Every structure is written in structure tokens, then in C-alpha cells.
Amino acid sequence: MKSLPLDDPGTPDLRSAARYMAWILRVQGWTLVGAVTFGITWMVAQASVPAVIGAAIDAVVEHGFGRGLVLWSALLLLVGAIGAAAGIIRHRLSVQMWLDAAYRNVQLVSGHSGRLGSELNRRVAHGEVVSVGATDLANLGNYVDVAGRFAGAIVAYLVVAVILLRSSTTLGLVVLIGVPVLMLATGPLLRRLNRRNQHARALQGELNTLASDIVAGLRVLRGIGGEAMFDRRYRAASQDVRRAGVQVARVQSVLDALQVLLPGAFVVLVVWLGARYAASGEISTGDLVAFYGYATFLLLPLRTFTEAANKIIRGHVSARHVIRILRIVPSVSDPADPVSPPDGDLVDASTSFVASKGLLTAVVSDDPRDAVALADRLGGYVQPGRDDADAVTYGDVPLGAVGRDELRRRVVVSDTASALFSGRLRDALDAGRATSDEEVAHALTTASADDVLEALDDGLDGELAERGRSLSGGQRQRIVLARALLTDADVLVLVEPTSAVDSHTEARIAQRLRRHRAGRTTVVVTSSPLVLDVADEVVFLTGGRVVARGQHHHLMSTDRAYRQVVTREEAEDVA
């Protein structure tokens, strides 16, 4: 399969689903040309068989069993061999196109999702992305798979019509006019099928989103006894999908029945006309046999036309959902002339927050959402306003002027939603840099995650389950912290890195984190007194603005609002 320029999201035409589908065909290149060529050869070879058989019969009637029969039999064998070879090659090319189209879309969506990063979760539901791999991949693959047969069916239909016109004008006109009429007769059903496919696809995406949410929060659901309620919600949503699928199947069943009924009636008409012409002497016996063969053969092109229409409709529905994701433009983009900033203070002008170079700065907020928003801004995940008062600077250079790759390498944000992928522990900790076993062990020790390493039979080569499900919540959080430490970033922003661990472990992590990050800038969003106590400076946010800064003990004794947030005394004060 050709390599896809994933760094150029504008490669496909995203103006409409139809243009996107045309792009999918266009990028197949010579594979598409080969599939169409051999599809035409395959179909025309089959269409030629009745003509050869009819000529052989006429040769026997006129000249008996002689040289003519041998020649026509040899020609029939040759046509059959050509058809078989063309069919095999066409099938192989069609499968190649199916794989190319299907996994090209996976590459596009995966690559674009990687560029969007955390922004994807805010713009598209999880179920939509899952459905691309579960449903849309196959639909778009089937759409290109039918291209070779569809082209062959059109040419074969025209060839048969020309042959019949030469033998009988009436029969030729019946074929030329009858086939389009049959296709038009299924038009209303195809439109209804399109609408119901769109509805069913939308419900499937919602069901996948619900399933993702339930699986992600399964442990919490069990803890609060919410399994039954979410089981009922999932059952209700799945029944909606089932009903929508049944509605699609009803239209599809009628369409499938018409694929048998209408071509069958068409065959009866052609054979009836041919028999009358043979009885009147207008055509020969061989022509009658050939006409019956043509009428039977036309079942294949007719069914191919209907199949192609069905797959094009499904492909169109899937293409709409794919381009919905590909159309999402990242709110933060690379500057035209990127600047490499010096290592210095990280400053957010809109909140008056300053993370001094080389210090461990803790952030406490009376509204956790403000602290998370600050972390996103410090990491460059939010496009600042045009006003300089909204700018975030690193070493006096606005983050908007720094290249995305360099910014992601030098400023790393690790939050509570960070995920672990299945595979070896070593791979889960790999941050894309050459890390030695000693560095990994040091990071695990700092994160107090040595117990995870010891629990795995193969140590760093031991296998983790998907999303770290084999680990407890605290173990998973500590592995995520160790992974963040291994990035060795100039600025490390940690959001609630110890919220799921006990106080003894939290105290160890706090002391070790300070030593591990000595001399480098670290920002920790937390309200834990154990972490706040080791911070070089604590910043307190109220209403999204910095209202106080200093060391933890000083703020505890001088700032009542800060003390209430840290010790959670609000309820007592209200009482």
C-alpha cells in the first residue's frame, strides 16, 4: 500500500462526502485501472459465451459435427480461460483496493487524531472514532471493491445490447431500455435505504460512546452500585440500534427481493420474445439459445448495479462521518516562523501566574476547573487571545511562536486522564527517547512504583493490560507519573499526580519528586498538604486569578480562603 502523507491533512478533498469518495478512488492509481480493466475483461468474456455457444449450435445445424464445431469449441475454451484468469486477477486487485481504502482511512483518522491530541475528546465523542474502525472502515472498503465489477457490468451490458441489436432490433431495444427502467424502479428504495442507514449509523456511534464510558468507569460503577442503572441505559440504547437495524433490513430485504423479481421478469420477457422470433424464422436456433444465455447473464450485471448502489450509499454515509473528524482544525497550529525559546520562566499573563525557572511551583485553586484550564494554557493546548494580556510566554517568548513539536518536547503536561496502552511495561514508560534501565528504575522509584515492577514476572518486559486495567488506581497513577518523569522535559506540569495514593506513599513521592526535578521547572496542581509542603512556592487561584503566593505554611497562617481550600473547612464555616 502506498505511504500516506499524514503530515498533510489537506490531501483528501473534504468539501463533501462525494468528493472524499472520489479521492479514495483516485488515490488507488494503477490498481484501480487494473481492477476496472480486468473487471471489464471478466464480464465481457462471460457475455461472449452465449454468442459462441449459439454460433457453435448453428454450425452443427448447418454443417454437422465437423471442423466448425471444433473451432467454436476451442474458442469457447479460450473465452472461458480468459474469463477465469481475468476474474482471479480482478478479485486480487479488488481485495488490494479494499485493504488500501480501508486502512488508508484508518491512517488518516489516526494521524489526524494524533495531531488533535486532547482536543479530539472535546470535539468528538469516543463512539464516533470507534465507529470509524468498527463500521466505516468496511463500508469504504466495500465501496472501492465493487468498482471493477461495476465498470465491467456497464460495458458487458452495452456489449450484450449491441449484439442483440444486430440480431434483433426489438430485443436490443428491450435490453437498452429495460435495464435503466429496472434501475429507476429501485430508486425510491435506495433513497429510503440511505436515510435509514444514516439514522442507524448515528445511533451506533452513540451506543459506542456509551459503551466506552461504561467500560472506562466500570470500577467506579461497581463501587457506587450503579451497574444496574447503566445496564438498563445500555440495553435501551442497544434496542434503539436494533430497531434502526431492523428498519434498514426491511428496506434491504425488499431491495434484495426486487433484485430477483425484476431481473427474473426481464429474463422471461427476453426469452418469450426470442422464442416468438425463432418460431417465425426471424432468428436461428443458435440465436434463440444465445438470447436465453444473454438474458440469464444479464442477471449478473443487474445485481451488480444494485449492489454497487447499495455500497455507494453505505460508503457515502461512512464518508460523511470520516470527514467530520478530518475537518476538525486544531485550535493551535504551527507558526509560520517558529522561534526556539531559551529556558526561563513560564508566565501566564491572563492569571498572573509565574512558574520560576528551576523551581517546584504548586497551584491551589478554589475551583479545580480553573487549575486544569491553567495547565492546558501552560502546555499550549489552548490558543491564547490576540491581546498580549492573554499570552503565555516561556523564556519571554510567546508559546504561539514556538513550533508544536519543540513545545511538546520541552513542556509536558500530565493529567489524571492520561492513559496506559497494553503491552510491555518498558514500552508503556517509553517517552520516545533513549532511556536506559537505570533511568527507568530511577523514575519508578521516584514515583514509588517499584511494587508494580516487582509484581510483573518479567519485570520491565512484563505485560500490562489495556488502559492498565490489571493495576489498581494508585498503581496506574504512579506509572503515569514515572512516564512523565522519563520525558525529562524542561517544564513538567503535573495535574493531581498523587490523588489516588495513600498518605505515606504521597509523602515519599513528594520528597523524591523534589529531588528528581531539582534545577528544572516543575508545576504541580494539587491541594495535598504533603505535596504543598515541599514546594518552593505555592500559588493560590481564586476566580481564575492569582490572589496569593508564598510558601505553604505562610499561606496557611495568613490566608483564610487558602486554608479553607486545603483543609476543606467550607462546610464547617457555613454551619
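Predicted model: local features only at pLDDT ≥ 70, side-chain atom pairs only at ≥ 80, totals over all residues.
Reader: Which residues touch the most other members of the largest nonpolar core?

Author: In soluble globular proteins, nonpolar side chains tend to be buried together. A nonpolar core here is a set of buried Ala, Val, Leu, Ile, Met, Phe, Trp, Tyr and Cys residues joined through side-chain atoms within 4.5 Å; buried means under 20% relative accessible area, exposed over 50%, and partly exposed in between (1.4 Å probe, protein chains only). The largest core has 43 residues, and Val364, Leu429, Leu444, Ile479, Val538 and Tyr562 touch the most other members. Helix H18 (residues 473–486) contributes the most, with seven residues. Helices (H or I, at least four residues) and strands (E, at least two) are DSSP runs, numbered from the N terminus.

Reader: What does Tyr562 touch?

Author: Contact means heavy atoms within 4.5 Å. Setting aside residues up to four places away in sequence, Tyr562 touches Val364, Leu532, Val538, Phe540, His552, Leu555 and Met556.

Reader: How many aromatic pairs does a search of the whole structure find?

Author: A pair of aromatic rings is described by the distance of the centres and the angle of the planes. Rings of Phe, Tyr and Trp (its six-membered ring) pair if their centres lie within 6.5 Å; planes under 30 degrees apart count as stacked, over 60 as edge-to-face and the rest as tilted. The search finds four pairs. In one, Phe150 and Phe305 have ring centres 5.9 Å apart and planes at 80 degrees, so this pair is edge-to-face. Phe150 sits in helix H6 (residues 147–167) and Phe305 in helix H12 (residues 299–326), 155 residues apart. Phe150 is partly exposed at 30% relative accessible area, whereas Phe305 is buried at 8%. Phe540 and Tyr562 also pair edge-to-face, 5.6 Å centre to centre with 85 degrees between the planes.

Reader: Where does the charged end of Arg408 sit?

Author: A charge sits over a ring if NZ of Lys or CZ of Arg is within 6 Å of the ring centre and within 35 degrees of the ring normal. The charged end of Arg408 is over the ring of Tyr381, 4.1 Å from its centre. Arg90 lies over the face of Trp42, at 4.7 Å from the ring centre.

Key
Residues numbered from 1 in each chain as written. Heavy atoms only, no water.
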